[in-house]
Amino acid sequence: MIKNIVLIGFMGAGKSHEGRLLAEKMGWRHLDSDDIIERREKMKIARLFKEKGESYFRTVESRVIKDLLLKPQVVLSFGGGAVCRKVNRHFIRRKGFVVWLRISPEVALSRTQKSKNRPLLDVKDADKAVRDLMKEREPYYRQCADAIVNNNTGSALASLLRLPQIRKAMTSKALPRKRTKIHAGAFV
Ligand code: S3P
């Protein structure tokens, strides 16, 4: 039985924002993997990357993802790179009803431009970094997703609330897995 809802997607997709709103509407708890990592490690993500490296961050992230997926009735927002490790993809697909909040590279770039806590985009050519990372990750997001919701407009909540699984979860608290993927909103 699937017991939680997981939001995945690229940096700037709105996973934390929409996750908070969705959890509020559902009367569920919202938990964010990056927040938990910062709390456990007692430092900001950017500093963690700088002092201990990406590989260390990914190991902590894997542990946090595994722990969070065991919790029932939570909306989980995972960092954009959560799908990069095969072991994470395996658990995410098995344990959660997974929604990929999809955005275009242009939107990702404009939403992350001012962020100081996204070390992977804190590079000379952020535009190239976004495009390269997105190209590499989109197959992983697609592989994990039970539903794909376009969030270029930044107002995905209504689409999320229309997903049959989420509607069902709000009444019966059960989340049956769908065999076919659902696409909400044209991707432009
Ligand atoms: C990352 C995304 C970030 C954060 C870290 C790495 C990534 O989270 O986990 O900087 O690899 O895409 P957001 O997707 O919430 O920005």
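This briefing covers the ligand site and the aromatic rings of the structure above. The model is predicted, so local features need pLDDT of at least 70, side-chain atom pairs count only at pLDDT 80 or more, and totals for chains, interfaces and linings use all residues. Residues are numbered from 1 along each chain as its sequence is written, and side-chain values use heavy atoms, with hydrogens and water left out.

**Ligand site**

- The ligand is surrounded by 13 residues, counted when a heavy atom lies within 4 Å of it.
- The closest of these are Lys-15, Asp-34, Arg-58, Arg-118 and Arg-137.
- Polar contacts are pairs of N or O atoms within 3.5 Å.
- From an oxygen atom of the ligand, a polar side-chain atom of Arg-118 lies 2.6 Å away, and one of Asp-34 lies 2.7 Å from an oxygen atom of the ligand.
- Gly-81 has a backbone N or O atom 3.2 Å from an oxygen atom of the ligand.
- On its own the ligand has 380 Å² of accessible area, and the protein covers 95% of that (Shrake-Rupley method, 1.4 Å probe).

**Aromatic rings**

- There are two aromatic pairs, meaning rings of Phe, Tyr and Trp (its six-membered ring) with centres within 6.5 Å; planes under 30 degrees apart are stacked, over 60 edge-to-face and the rest tilted.
- Phe-49 and Phe-57 form a tilted pair, 4.8 Å centre to centre with 45 degrees between the planes.
- Both Phe-49 and Phe-57 are buried (under 20% relative accessible area, 1.4 Å probe, protein chains only).
- Arg-89 lies over the face of Tyr-140, 3.9 Å from the ring centre (CZ of Arg within 6 Å of the centre and within 35 degrees of the ring normal).

Notes
Buried means under 20% relative accessible area, exposed over 50%, partly exposed in between (1.4 Å probe, protein chains only). A polar contact is a pair of N or O atoms within 3.5 Å; within protein, one must be able to donate a hydrogen and the other to accept it, and residues adjacent in sequence count only if both atoms are side-chain atoms.
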